[in-house]
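Dear colleague,

Please find the structure below, followed by a short account of what was found in it.

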Amino acid sequence: MADLVADHVLARLREWGIEHVFSYSGDGINGLLGAWGRADNRPKFIQSRHEELSAFEATGYAKFSGRVGVCAATSGPGAIHLLNGLYDAKLDHVPVVAIIGQTNRSAMGGAYQQEVDLMSLYKDVAGDYLQMVTVPEQLPNVLDRAIRTAITRRTVTAVIIPSDVQELEYSPPTHDFKMVPSSLGVSRGQVMPSAEGLAKAAEILNAGERVAILAGQGARGAARELTEVADVLGAGVAKALLGKDVLSDEPTFVTGAIGLLGTRPSYELMRDCDTLLVVGSNLPYSQFLPDFDQARAVQIDIDPTMLGMRYPFECNLVGDATESLRMLLPLLERKTDRSWREKIEDNVERWWQVLGQRARVEADPVNPELVCHELSPLLPDNVIVTSDSGSAANWYARHLRFRQGMRGSLSGTLATMCPGAPYATGAKFAHPDRPVIALVGDGAMQMSGLNELITLSHYAKEWDDPRAIVAVFNNGDLNQVTWELRAMGGTPQFIPSQRIPDLSYAGFAESLGLLGIRIDSPEGVGDAWRRALAADRPALLEFVTDPAIPPIPPHATLDQMQSTAEALAKGDPEAWSVMAQGIKSKAQEFLPGKR
């Protein structure tokens, strides 16, 4: 039997070294499904419970493997379902290729069943490369360019293949007019700044007395260079959320996360510095950077389109983070006055004491900060941690003290709900020999996380290390939005929108054959983590947490405090609990601690 277009799609993916495709079936990709059967399931078809989860799984796989993620979906509703996960990849600069079915060419434009104008629908999310294959000879060039563009531009691309085209006999492009041949592979180049730019950057950094560094995910792989630069300049290093795993939290000059979910030392670092170096970060919240007239600033980024944003940088360097810092180091002068570094280290030491005290504030029944604080010292050296959006992301950002080699991520720019659990699935396929932990709110679990537990259970036996732990913060409330209502809108909690149904998450997990543990006392938190980390199967830990524990930002403004007070005064049903817990949590910053 001659190869069909669908057969060649899978063959080409194999030639690119793609081992997994995250997908859900539908008649718009029946040709591909048939080809998978003939190809002995290579690359492996990973069946999700929903196309959105397929896209999240592909994104998580790409984030943690460093390779391109691939997802596939049927025409119409399947293609629509992919979009949220694909936007997550696009906004976080993650390479993902979507392969999408479409109705037969003969039906296009005829208002046929499940016909959607996919070229229009996908022109934003896959704007760097989006094409429809209409004849077999077009296929290799389109597929190769989609993969190559996704990898080199770290973005989302899409290939649409009508269902009748999938079942045509494949014929390659010929050496003829209006044929476009193609080839495999891409060799990554090194992007390095100019000598002139480096000299300018060095002049700015050498002139500074109080240097702050902000590292993002673009600095991954540059831990040694960041450490050396920070040492020479006597600087502190704050980390954007997507850069949490770029640098270990163990060095005393690392101030942790920055932004609304960040730490007090990171806020103080930016508040008091006179010079700023940003490496591989596109932090959108400029209010957490120094005042515009306060600091001279240098930015390093491999993507020239992301330079010069967020802050009035005096020097913008286009270059790979590792190579740029290596070239910059010999030009830097060592700061002899270390008082700025000593102040940073004192602030960091005090912060970790405050976090420990806040985690042990009495709550009803479990303090959510305690959940992550107890986990932090138990994290395996090779762990991968994912977090969902919402209040769980606060505790992930602040309490987990990463060591070098650990990995972690969340939905950074889109900040969408529901990627925490499917990221974990993608991470397990990227690294089947590593333990994975997902921190998920109860709202995200009810939205799609329960379905992802089915997928984790289904594939667990295929992983060398079966540990995939989903920790659910069960507080019965869409908690982050509740706090945003109070702090930003002066609006009390609106019960019909914020309260969610009670559910036995641990019981559901047990029904799937997973280890399920419900924890409703602070004494049980550490033991639950130890049991899950020692288990021979995936586990779900249901922590019954107090919704009144506030995710206090590193610097609460007077406006935010006034709005919260007004919201409570307007009849917020949790007013007294919120006031009590807020006072106790904030007080930990002023209580004396061991030095």
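Strand 7 (residues 211–215) and strand 8 (residues 236–239) pair in the parallel sense over four bridges, where strands are DSSP runs of E of at least two residues and helices are runs of H or I of at least four, numbered from the N terminus, and two strands pair if DSSP finds at least two bridges between them. In this pairing, A215 stands opposite K239 of strand 8. This is a predicted model in which local features need pLDDT of at least 70 and side-chain atom pairs count only at pLDDT 80 or more, while totals for chains, interfaces and linings use all residues. Residues are numbered from 1 along each chain as its sequence is written, and side-chain values use heavy atoms, with hydrogens and water left out.

Seven of the seven residues of strand 4 (residues 96–102) are buried (under 20% relative accessible area, with exposed over 50% and partly exposed in between; 1.4 Å probe, protein chains only), so strand 4 is largely enclosed by the rest of the structure. V96, A98, I100 and Q102 cover one side, and V97, I99 and G101 are on the other. Strand 4 runs parallel to strand 3 (residues 69–73), joined by five bridges, and A72 stands opposite I99. Seven bridges join strand 4 to strand 6 (residues 156–162), also in parallel; there, I161 is the bridge partner of G101.

With kind regards
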